[in-house]
Every structure is written in structure tokens, then in C-alpha cells.
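Hi,

Here is the structure I said I would pass on.

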Amino acid sequence: MEPDDERGRAPQRKGISYSQPLARDAVAQAAYARHAALSSHSLDDEPIASASAHRHDPARSVSCPHQLPPHHHHSRGGESVYLHAASFGGGGAVTLERAVATSEHGGAGGRGALPEFVGAGGGEGIFRVPLRAAMHPGRPPALEVRPHPPRETQVCSFLRTLACEPQLRQLWTGAESGVRVWGLDELFAGSVAGARRGDEETAPFTESVPAPPALCVALDSANKLVWTGHKDGRIRSWRMDLATTPAAAADGGENAPMFKEALSWQAHSRTPVLSMVVTSYGEIWSGTEGGVIKAWPWDVIAKSLSLTPEEKYMASCLVENAYIDLRNYVTVGTMFSLPTTDVKHMLADHCRAKVWSLTSMTFALWDARTRELLKVFGMDGQVESARLEPLVMPEQFIEEEIKVKPTKKEKNQGSVTFLKKSWNALIGAGGAVRRVATKGTFVEDNRRTETVAQAMDGAIWSGCTDGSIIMWDGNGNWLKEFSYHNSSVQCIKALGGKVWVGYASGTVQVMDVEGNPLGGWTGHSCPVIQMAIGGSYIFTLAHHGGIRGWPLTSPGPLDDILRTELAKRELSYTRVENIKMLVGTWNVAQEKASPESLWSWLGTASSDVGLVVVGLQEVEMGAGVLAMAAAKESVGLEGSANGQWWIDNIGKALDEGISFHRVGSRQLAGLLIAAWARTDLKPHIGDVDAAAVPCGFGRAIGNKGGVGLKMRVYDRRICFVNNHFAAHLENVTRRNADFDHIYRTMNFNKSHGSAASDTSVQLHKAVNANGNQPDEDRPELAEADMVVFLGDFNYRLYGITYDEARDMVSQRSFDWLRERDQLRAEMKAGNVFQGMREGFIRFPPTYKFQRHQPGLAGYDSGEKKRIPAWCDRIVYRDSRSETIRECSLVCPVVAAITSYEACMDVTDSDHKPVNCTFSVDLARVNELIRRQEYGKIIESNEKLHCLLQESHHVPDTIISTNNIILENEETVVLRITNNCGSKKSAFEILCEGQSTSKQDGTKTDFIARASFGLPHWLEVQPSIGLIEPGETMEVNVHHENYYTQEEFVDGVVQGGWCELTRDKEAVLLVNVTGSTSTETVTHRINVRHCCAASSPPPPVSLLAIAAPPGDAPSSEGLTERSSRKSQSNHLQRSDAHFGASEVHDLHRLRNM
């Protein structure tokens, strides 16, 4: 037996005992002080300094370990005491929690929190409360560079690329509106002054002037430039030294000075720059749609960069006209052997001076020095057929399409031309079908290449959409394939002996260069689309725009120290926000409400709330309406004129546009849900997604079912589901099944009524908002921090006649009626709404009434005389469990019902509208403070400091010489030895600059090519590598008589000649790193080429240059490259030390 609904004192009932008020108890006072220290008032963003500074508010309840957590509500005096009823049984048994007010309070929920009924079965399976924690035990503590921004704030501003410059310690991102840059030394600084929405807690950054979406990025550390390829087909460069000036870093935000591009040109006239790479020889290659690849010689780019800003247009034109169309290197007539699909990825193989260009299904391998196409092969490693395909030039095709209409004389030939083109198209389509059928591509269409990267041992890794990773050698030969996840591989990054892989599920996995897993964790709640390495971190960019940094040593002991220290400081970065919500449900029976009815239902109650959610049923019905709704749903459309009428008029009642703003809506046939947020709360609400689940006519029609909205409120996920279950008294099992079907299958996507960007993808189901990896069969609703179900549930009163029900209603004997409530009985048995809560019902049954009949006399008195019932209900589940009830990062959402009422004076429908107000506490992390605490821990913790110093250690290495003299066609072997006995060392060889001897004997200044690229007369292989402890790596340094082609007009070679035979000198940099830091030790090697007297070389045949590999002389013939090693190797001993074995080897080399 439950207490009756009288507003006075509740009579004591047998079997229920109430605890005494503990407001003056010392334990309760301590718990209250702790909670007060964490809390903030309503939407006030100023944190409470301490518990002692918080003035006691009698309206705030006292909490103790066995009582309800505190709930906040406004009051004008008096005191509320929370009493906790005894539990019946364990493990999800029904409990009753009650608050008794000692005096009346003003405003919504003035009587304090209402007692609640809790359904059984809430602690098991999919109805278990999702796990939350201040520090996730299953992943390393992350450095939040940019916390997850609300999607609505990122319209036309999503981040899509990521790159890090380790020497200047800069993190660059390409966005849909330009580029951004973070200084790694400023990550632990304060907030950005005047930051725009979504970046309030982001680390300080600077931003470029607005630019079209950046699709790819490449770094040029030699010239301190960042190159970005954009959607408008232009390539732009940005100066690193101007991007993070002290003034810009100090200001930040919208008012900060924006840096401008240094040089830009139109790389592709009407197609985007999909991929871009800087080759080993300092050239910039770009790929676009239709298989088009262009190369941009560095000499021309360097000349353009030297021009003054006033000559910007001239510089742009100079580069635009100097491109090299690589299709001319593989073309015979109008046929060529390259795939005609989009070039989505490009990779510079610095180990062997090659370039990989990738489409979704094929690979093309190029010589970076000669620009020769070496190989085209598929994902299975098989070389593509030598059959040449028709040349497709998208840019030229577009230009032809926009030509003027034909003249009258040409019209006579138009039909013939059309038939000819149609015939060619049919023949081409038939050939494509035959090729696809031969290769089985129809079956493997879901297996595509998504990313490519190079490990430090020289192997090429490609990731596929099916989760598999393929390893290739430098010549494009298949080595092996392995898979650890079913989710698509989105990005790969390598450093030293480690390789990091980012998946579409949000998982980050660490492997060694052999592909053996070393660890992994859930990094984000959506796909990890890009990664970059800088300092001691690997940074991951999620699809929602969030950026996190993970220690390169993870998983390891450093993680445990950080996790422990951050957990100790939890109170410093925890904020508890309080909001008030109004949730309303109404079955409108295809009617339209008067303004007075809407005001009575929502207007008065909404005056003190920040969020309003409304669910309607039977907005429109009928076979035609249901058929039209089903047809719309099949093509991704929803909504109707009636639904829009309700949205507009509810908006008017809420003063939409001034006091409230609509944040989302969804309609399925007669079901409609919509949400409005108050102006001051709206900035804290984002990622609004919608969903619909039909339950009628074989789970296909929306006459019954559910529509839902999911949103992030203060970084906590709250879901609202509006339902209409099966009707009639006897269909209890069907109603239970309707709920179960909706709960298990509701998957959210972008709301049609939200302001989300069309470019955004939806959150993947594989990860929840807290980063936990849920069970595969765990529904999305089960992972929400709070779920509210509302609607016409259609549960009736059983075991009672119409007359008995009327009599009990007239006597307000609602306690007797509640004992015959089907919903209460099913919840008590754990058959429906498992573990969910409902406020104590103190209003008459809301169904069924005769329209426009006021008062309780309006109950159905017709022929059927339907028994009155509480069909229209609102239930919820928050983060509370049996053991944890106080609002914290472990229990982040704690709600209390402050009012639960029916508007009995509204007569527009046969149902009465119901509303329920909640007072909700939400615990969240202040990422700004947490990031600062993160930095303090790194600076102050001695043990952590020692581990970081150890991770920065670079293995000791020795080079055999630092002076090399080359003659024509000569090769010298350079040896690099790893003296460390326990750790691998990684090396990379770059060219710091080159100079040429003049005729007067002087030398030009040393000039660096892009990304410290090699001069064309010098070959270094391998230029990157991984050396085992105690081992030695041999590197061949070779001189090559390279014949340059200096003049290109519209990508076609116009002239070619041999490079001037003068003495040349270059400075090589051997950069050595470890596997857990970008800390570098650099060795310098002087390489000089002395020209010997020789006869002039034969002229270069331009026809041979343009010929494809199959019909042209070999690359060795074009470059006169000798495959033999040089007979004399000239080495000058450096001051670097090396052992006896190295001396012996050098002596042997000299005597060869």
C-alpha cells in the first residue's frame, strides 16, 4: 500500500518506515559541504571557491549516504527535508522515495521533490546504469587540446586535417573555414579570450583568414611553410613564424589577429585538391578527381616565394603555368594506364625516393626523381592489366560542357555525334562491367583503402574499410595482411619502432613495426580521422572536431601516475550544474489546440525552466497519412503541415526567438517530439540527434512507435523518447513489447529540426559519451546518462468497472486506483521500463474524455464507456545506482521530479495533457582547469619527470664519416651504427641545403628545397630506417647525372637539357630519434661533387620523355644511371669517433 495523494501530511502505512531528518548530523553536514563545494547555481558559470564560502541555502536538501542525493530548487523560505523509504528486497526491487514539505514554496515544484516509484530490473543487462568515472581506467589520461565541441557550433568550421611540426612545436589543423595552429608550449595556458562557441575551453590557438575548406596538408620544415590543398582547387602556403606570434597567442579568440597566406595558386581549375605530398626531392605533387596528378617543381615555387607581396598575382601565375601533368608520362595518344578514379591519398616514400598515389581500389607507384610510373597494382598485390584506358580529363570535360550551343550548320551533325557518344559510352560501360566481373569488385566493394603511411623500417602500411591492414615493401609487393578490429581504419602514424592506428569506432591501437599489438584504448566517441606526432604526444583528431594528446609511452607506467594524480585533484576540475526541465505529453486526437490550452499546459510551467521537451501523439492519422509518412521515411524525409502547425504554435506559447529557441524536432506519422532551450542554456546544448522507430503493422508503420531526441547538455547525454504503444485493455504484452523494441533499436542520427552541419557524420554506436567501450548488443539508449520516456503508453486500469473507477476518481481515492494500474504492476514485475522512475501520481486519470466537456463529468459516458486510465505518463532513468546516489563524475546526472500534473481544464482532445518538471544536477569536467592541472602534475611530480626524461632519451649512434666526395656516377656507403644496447634507433636523412660553384670560383648560398628535399643529382637510399640495438645500417650515397626538363607549358614538356656540369655541394642531416619522443640528435655530413672533364651528353628526346614506360627507354637510359658501384670511393675522415670495425671497413673500401 502506498501513501495517498493528499497534499497535507501523508498517513503512515504499514510496511514503510521513514528515517528521521539528519540536517544537523555531522556526517550529513560533511556530505553537504562537499556537495556545495562542487556545485554552482543554475547557469551561473562562476565556480564556488570552497564549501566555507558557500552560504547555507535552506532550500537545498541535505544528503547522507543512505538518502537521496541533493536536489536544487528555487524557494522563498522554509526548509525541505528528504525522507528515504525502506527498500523492498534487493537487486532492483521496488522502492519508494519521498520528500515531505514543511511549508509551501513558490514557483514550479515549490513543494520540493516528489516521491518516486522505481521499477524493478534496473541493475541488469541493458537496463544497467552506464558506468562513468572521473578517470577512465581503460585508457591513458588524455591531454584535451580541444574538447569535443557541440556540432551545431561547427557549421562550416569542422576540422578535417592534422599535422605537427616537432621542431617548432606547432600543431596545425585544416578546417572548413581555413587553418588553425596551436603552440605546444601554450597547451597548458589559460582560456582563449573571446573564444567563439565550441572553443570556450580549448587551448590557445591562432587562426588564418577565412579560406575554403582545407582537405589535405603537408609540412615544409625547411622553409617554415605549411602547404594546404583546398576544395576550390587552390594550394595555399602559410608561414609558421607568423602563425604563432606572441601577440596572436596572447589574444586568441575571435578578436585575435589572423595570419594570411604566403603564396597560393590554382592547382586544379574546377576540382578539389584531394591529396598532396612533398616528395623526397622537394617537389609538391597534388591529386584530384579523375586520376589527375600534377607536380610542381620547387625551383619555380622558390622563385615565386621570393617575390614581394605586391607581386602576389605574378607569383601565382608563375607557379600555375609551371605544373607538370604526370599523365603525359604514361600516355600514348589518348590512352593511358592510370586509373581514372579520384586520387584520394598520396604518400612520399622517403626511404626509396618514391611516391604512392592511391584511389579507393588501386595503387600507383612513381619514381620521385624521374617522375616515371613504375607500377599500378590492386589491393591484392596483383599488377593491373597492361590494357590502356581512355584518357579522362575532368577539367577539360567540364570546359567542353560549358561551350556555346552549336550553330545551325552544326545541328545536322548533332544527332550523329550524340549517337556516337552514346555508343562509345555503352561500349565503355560494358568494358567496365566485364573488368569488374573479372576482378570480383562487386563482391569486394566494401573493401576500400582509407589511409596509407610509412613505418620507420621502410614498410608501407595501408588501412582498409573492413578493418584490415596490409603491409607492402618499397616496390609495391604484398608482404602480409592482418586485422584486429572490424571497424574501418581511418589513419596510421609511425615513430621509431611504434605504429599507431586510428579506427572509425574511435579506437586507438599501438603496434610494433611487425604488426604485433602493444596496446589500445577508446580515444573518442566517433571516428579518429587524423593523427600527428609532436613533443611527447600523439595527437588524435576526432570527426566531431575534438583533439586529444596521448603520451607516446602509452600504455605504460606514466599513465598510472597521471591517472592517480588527476584523480586526487578531481574536486578542482569538477563542476555541478543545475537545470530545470519541463517535459510534456499530449495525445491531441488529430485536433488543434487553442492558445489558452497551450498556455495552460506549458506557458505557466515553463516560466522557471531552461529546457522544454514536448511529445504529441495522433497529430494526424488515417491510412493515407500513414502511407505518405512511410513513403517519406523511405527517402529520408519527415514532417507534415499539421506537425509544423504544432511546432509553430508551441513556439509562440514559449515566446520562441526571444525567451526560447528550438533545438530539435522529429515526426513519424502522428508522433511528434520537439525541444526548446532557454536563451542562456542554449549555448550549453549541442549534438542534437533524432530517431524514429515504428511499431505498427509489423514494425513498419508509424501509427504506433516512438520518436526521440538525443542531446548533449553540459557534456552529458540526455535522451527523450515520445511513444504511442498498442491500445486496448488486454494488450499489455504488446505494450511491453513495443517498449522493448523501441529501447533496443532506437539509433539516433542528425535531427531534421536541428542546426547541424550537413557535412558532419553521425556518432558511431561503438563508443559511448564517456569513452567506454560498450557491449556490442548494448542499445544506444542504454548508454545515455539520462533517459526520459513520455507519451500515450496506453496502460489501463484492470479489475475495476467503469462505475467503480468514476466513484474512486470523484472521491480522489487515487491510491486505490494506483493498485490497479497496469503500468505500475508491470514495472513492479520488471517487465517494462526496467529500473525507471515515475513521480507519485496525484492527478485524475487522463483518458478518456468527451471533447469540450469540462471537469470530471467529461469522462466517456457513451456506448463504450471506456474505463478511465492514466494512459499519458512520463518516466525517467538517471545515473543513480543502488550504491551511488550523489551527483559526481561517477554519477554524473541526478534528477528529481518537482511537479507531475495533468491539465484537467484543457478540453481540446479526449486525452488530458500531462507535464512533469525536473530539477537536474549534472556533473561535468571543466577541461580548462583539468588541462592546467595536467600541466602542473608534469612539472611538479618528480617520478613523472624522471619517466619523461627517460622517454626523451635518444639512442647513441655513430656515423662513419661526415665528409663525402663524389665523382660522376659514384656511390659511397655511409654507415650508421646504433650503440645503444637495449633500444632501437630511427634515422632520417634530409638535405639542409645545396650550393653550386660559380665560374669565378665562388659558391652560391646554401638553399633548402621543400621539406629538406634532396637535389636531383644526389640519391640517398635508404633515407629512413630503423636500426636494432648494436646493429649497423648501410646507406648508399650516389651521384646521378640528371637531365632536367625546365620548361613546361600547361603540363607539357617544351624543352630539356642536362644540368650544368659544375661542382656542387650539399649538407645532409642525419636525424636520429627514439620511439617515445620527437627529441632528435642531428649529425651533419658534407657531400661534394667534383665534376670530371667529359664529353657533353647526348640531347634528350622529348618524344622519349613523353612516352609511356612500355614504349619508352628505361629510366636508366633516360638518366644514364649506372647500376654498377663506383670503382673509387673518396671519403674524408670526420672528427666523429667510430670503432675498429668501421676503420677496417673504410680501409677495405679505399682499396677496392
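Let's start with helix H8, which covers residues 557–568 and has 12 residues. From its first C-alpha to its last, H8 reaches 17 Å, close to the 16 Å expected at 1.5 Å a residue. Bear in mind as you read on that this is a predicted model.

Which residues of H8 are buried? They are Leu-558, Asp-559, Ile-561, Leu-562, Arg-563, Glu-565 and Leu-566. Among the elements that cover them are strand E34 (547–551) and helix H9 (570–573), and also helix H18 (927–940) and helix H19 (942–951).

The loop between E34 and H8 deserves a look too, as it holds Pro-555. The peptide bond joining Ser-554 and Pro-555 is cis, with omega at about -10°. For context, most peptide bonds are trans, and most residues other than glycine have a negative phi.

You will find Pro-1022 in the loop between strand E52 (1018–1021) and strand E53 (1024–1027).

While you are in E53, stop at Gly-1025, which sits in that strand. Is Gly-1025 buried or exposed? Its relative accessible area is 3%, so Gly-1025 is buried, the cut-off being under 20%. Leaving aside neighbours within four places in sequence, Gly-1025 is in contact with Met-456, Ser-985, Ala-986 and Phe-987. Take Phe-987 from that list: Gly-1025 and Phe-987 are 38 residues apart along the chain, yet their C-alpha atoms are separated by 5.5 Å.

Now for the nonpolar cores. How many residues does the largest one have? It has 54, and the residues with the most contacts inside it are Met-711, Phe-720, Met-786 and Phe-918. A second, separate core has 43 residues, including Val-330, Leu-338, Ala-364 and Phe-987. That is the Phe-987 that is in contact with Gly-1025.

Next, a helix pair. Two packed helices are described by the angle between their axes and the distance between the axes. Helix H4 (residues 298–305) and helix H5 (residues 312–320) pack at about 175°, with axes 9 Å apart. Since an angle over 145 degrees counts as roughly antiparallel, that is how H4 runs relative to H5. On the H4 side, the contact is made by Val-300, Ile-301, Lys-303 and Ser-304, and these meet Ala-315, Leu-318 and Val-319 in H5. By type, the contact residues divide into 5 nonpolar, 1 polar and 1 charged.

Arg-169 is not a glycine, but its phi is positive, near 55°. Arg-169 is in the loop between strand E5 (159–165) and strand E6 (170–175), and at 31% relative accessibility it counts as partly exposed. Asp-715 is not a glycine either, and has a positive phi of about 70°. Its place is the loop between strand E40 (701–713) and strand E41 (716–724), and Asp-715 counts as partly exposed at 37% relative accessibility.

Cheers

Conventions: Residues are numbered from 1 along each chain as its sequence is written. This is a predicted model: local features need pLDDT of at least 70, side-chain atom pairs count only at pLDDT 80 or more; totals for chains, interfaces and linings use all residues. Side-chain values use heavy atoms; hydrogens and water are left out. Axes are lines fitted to C-alpha atoms, for helices over the stretch in contact, and angles run from 0 to 180 degrees between N-to-C directions. Helices (H or I, at least four residues) and strands (E, at least two) are DSSP runs, numbered from the N terminus. Angles under 35 degrees count as roughly parallel, over 145 as roughly antiparallel, 65 to 115 as roughly perpendicular and the rest as oblique. Contact means heavy atoms within 4.5 Å. Ala, Val, Leu, Ile, Met, Phe, Trp, Tyr, Cys and Pro count as nonpolar, Asp, Glu, Lys and Arg as charged, and the others, Gly among them, as polar. A nonpolar core is a set of buried Ala, Val, Leu, Ile, Met, Phe, Trp, Tyr and Cys residues joined through side-chain atoms within 4.5 Å. Buried means under 20% relative accessible area, exposed over 50%, partly exposed in between (1.4 Å probe, protein chains only). The expected span of a helix is 1.5 Å times one less than its number of residues.
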